[in-house]
Amino acid sequence: MVSSLPARALFLSAVILVVTLGIWELSTPAVKAAGEMTEYEMLMGGADQEARVPPPSQVLERAWEELSNPFYDNGPNDKGIGIQVGYSLFRVLTGYFLAAMIAIPIGFLIGMSPLMYRALDPFIQVLRPISPLAWMPLALFIIKDSEASSIFVIFICSIWPMLINTAFGVAGVRKDWVNVARTHELGSLRTALTVILPAAAPTIVTGMRISIGIAWLVIVAAEMLVGGTGVGYYVWNEWNNLDLTSVIFSILVIGVVGMLLDAAFAQVQRAVRYQE
Amino acid sequence: MNNPFLQIDALTKRYPSPGGEDLTVFEEVSFDINKGEFVCIIGHSGCGKSTIMNVLAGLDTATSGAVTMDGKEVVGPSLDRGVVFQNYSLLPWRSALKNVTFGVRARHPDWSKEQILEHSYKYLEMVGLSGGAEHRKPSQLSGGMRQRVSIARAFAIQPKLLLLDEPFGALDALTRGTIQDELIRIWSGSEQTVFMITHDVDEAILLADRILLMTNGPYARVAESVVIDIPRPRNRAEIIHDPGYYKIRNHLVEFLALRSKALAEERPDDDGPMKPRRPATVRPAHSAEGEGPEDGLGEGPGEDRPAPLVEPERMSLVQ
Ligand SMILES: Nc1ncnc2c1ncn2[C@@H]1O[C@H](COP(=O)(O)OP(=O)(O)OP(=O)(O)O)[C@@H](O)[C@H]1O
Ligand SMILES: [Mg+2]
């Protein structure tokens with residue numbers, strides 16, 4: 001068979017998918033009789049259909065149900081997956097853009113000024129390794145609002161990669177290009193916008209891409225903690241309902257949304273890339 | 001006599017080195033350039049030509065000494081001094097055309113988009129870049145094409161002083177000739193002053209009113225100012241028949257091959273650093289010794305001059 005590499009890769013991906021799903025489907029045990037159950041299984045609800053890992057066919061069925069009506073709203077504990085994803089995206093994007101609005105200008109400042117770099121470096125080094133969820137109690141106490149607190153957690157976790165990459169990209173702009181701006185008597189704002197920003201853009205966007213990835217990882221955990229709405233809460237809620245089919249379905253949804261966010265930034269990255 | 005257009009006084013550049021001795025690239029370099037003059041500077045690689053040019057451009061500062069243009073001290077870069085950098089320094093995310101409009105917009109902020117485009121196209125055509133190539137990014141252009149974009153960008157802002165760092169280094173002989181002619185045409189039709197670094201002796205003779213000769217570094221100096229009094233317009237094919245041509249050429253080649261090194265070794269410590277010295281003016285074309293290509297060697301230290309020095313084919317410094 002002669003075909004292109006992408007076509008062969010696609011074929012192989014399909015084979016891997018089918019085989020994995022097939023094994024999963026076949027290895028899912030049938031409902032056990034009560035006598036064979038372990039103590040744990042008893043605790044977990046006994047022979048209840050929902051208490052075992054469901055086969056992919058069931059997950060697909062559930063996906064079909066959920067996706068055919070994603071925006072229904074039957075009160076606080078029963079909302080469509082579309083609404084939940086919407087809540088999560090809203091939090092992620094709000095926190096993320098607030099972070100970008102602060103991280104990119106400050107990153108510029110740090111990158112342009114060796115003094116600021118040295119002055120702010122110790123703070124960044126200490127704050128950066130803190131798990132974003134560790135801020136949650138403090139945020140809840142100070143802000144006194146769970147919605148704003150989860151946005152704050154997103155803000156704090158997405159600020160670092162953008163800040164560091166911006167500073168790094170700006171500091172690394174070739175001196176020759178800055179000299180071009182200088183010989184043309186450009187002011188500092190014009191230099192920043194027409195020379196330094198496009199020169200550093202690939203590094204900055206890489207930072208933004210890393211940040212959005214982290215923000216999407218963190219929102220699930222944050223919503224599990226805070227509760228109420230969002231895809232993280234949805235997962236936790238379904239776990240409490242012992243609806244593993246829905247848990248698996250929502251895990252897949254989280255993956256797909258994360259992939260789409262990443263793909264969007266890959267597109268931006270392609271747009272600002274240049275070759276020296 | 002009124003002051004020259006560009007005055008360089010006792011310029012010294014030292015790079016401090018943390019452990020050992022400071023590196024003195026050049027010391028007490030002084031020379032003048034008159035308005036409308038075309039001056040080339042020649043010297044071996046690493047003697048500090050680009051550094052001098054960066055100081056003239058206002059991009060670099062000398063350790064001591066001063067540069068004065070039009071009666072004002074040069075303290076920073078200015079649109080009155082256009083630079084063609086040795087490594088082109090094009091902005092890689094902009095197309096060739098956009099690199100030129102970048103300069104034109106900076107020079108004429110009040111111009112309309114159409115005016116800027118028209119002016120930029122004029123200069124791009126002048127360096128032979130048109131028919132689609134102007135829309136490509138620098139990474140998609142050849143070295144010579146990039147250099148031409150860089151030349152177009154500097155010329156398009158019509159500065160009072162053009163600073164050219166080996167602007168034709170990456171060009172083939174044909175393009176080089178065309179752009180040399182263009183340069184001369186632009187220069188002679190304007191009030192512009194040109195200061196150009198080159199490694200090519202023939203190019204310098206063809207273009208320059210005067211050639212400054214630098215001794216080898218460290219502690220490089222501008223040792224001589226060689227007047228090229230071959231009448232203009234000069235023509236590549238005819239210039240070699242000028243009676244002074246080979247005298248000048250041999251003088252330059254001999255300086256580069258022998259005296260630049262010899263002079264560097266005998267640093268004149270006796271005349272103190274207090275009085276900035278202008279380089280000696282030399283007119284090889286009018287030297288008393290005979291005429292014709294074979295007898296061009298002037299006041300060289302060695303009587304037995306090496307044979308290749310007087311061979312008439314083009315000779316470049318960089319082997
Ligand atoms: N930042 C620096 N630190 C120390 N030495 C430097 C630095 N920059 C340049 N130099 C030295 O200054 C000298 C002059 O450099 P410059 O680029 O002016 O030479 P050049 O005459 O233009 O050479 P070329 O003909 O090869 O372009 C070189 O010997 C170089 O090693
Ligand atoms: Mg140089």
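## Exercises on a two-chain model with a ligand

Helix 1 of chain B contributes the most to the shell around ligand 1, with three residues. This is a predicted model: local features need pLDDT of at least 70, side-chain atom pairs count only at pLDDT 80 or more, and totals for chains, interfaces and linings use all residues. Residues are numbered from 1 along each chain as its sequence is written, while chains are lettered from A and ligands numbered from 1 in the order in which they are written.

**Exercise 1. Find which elements of chain B supply at least two residues each of the shell around ligand 1, and sort the shell by class.**

Step 1. Start with the elements: strand 2 (23-33) and helix 1 (49-57) of chain B each supply at least two residues. Helices (H or I, at least four residues) and strands (E, at least two) are DSSP runs, numbered from the N terminus.

Step 2. Now list members. Among the residues around the ligand are B:Leu23, B:Val25, B:Lys49, B:Ser50 and B:Thr51; being near requires a C-beta atom, placed from the backbone, within 6 Å of the molecule.

Step 3. Sorting gives four nonpolar, seven polar and one charged residues. Here Ala, Val, Leu, Ile, Met, Phe, Trp, Tyr, Cys and Pro count as nonpolar, Asp, Glu, Lys and Arg as charged, and the others, Gly among them, as polar.

**Exercise 2. Describe how chain A meets chain B.**

Step 1. Count both sides: 14 residues of chain A are in contact with 16 residues of chain B, where contact means C-beta atoms, placed from the backbone, within 7 Å.

Step 2. Look for the main contributor on chain A: helix 8 gives the most, with six residues.

Step 3. By class, this side of chain A has six nonpolar, four polar and four charged residues.

Definitions and conventions
Contact = placed C-beta atoms within 7 Å.
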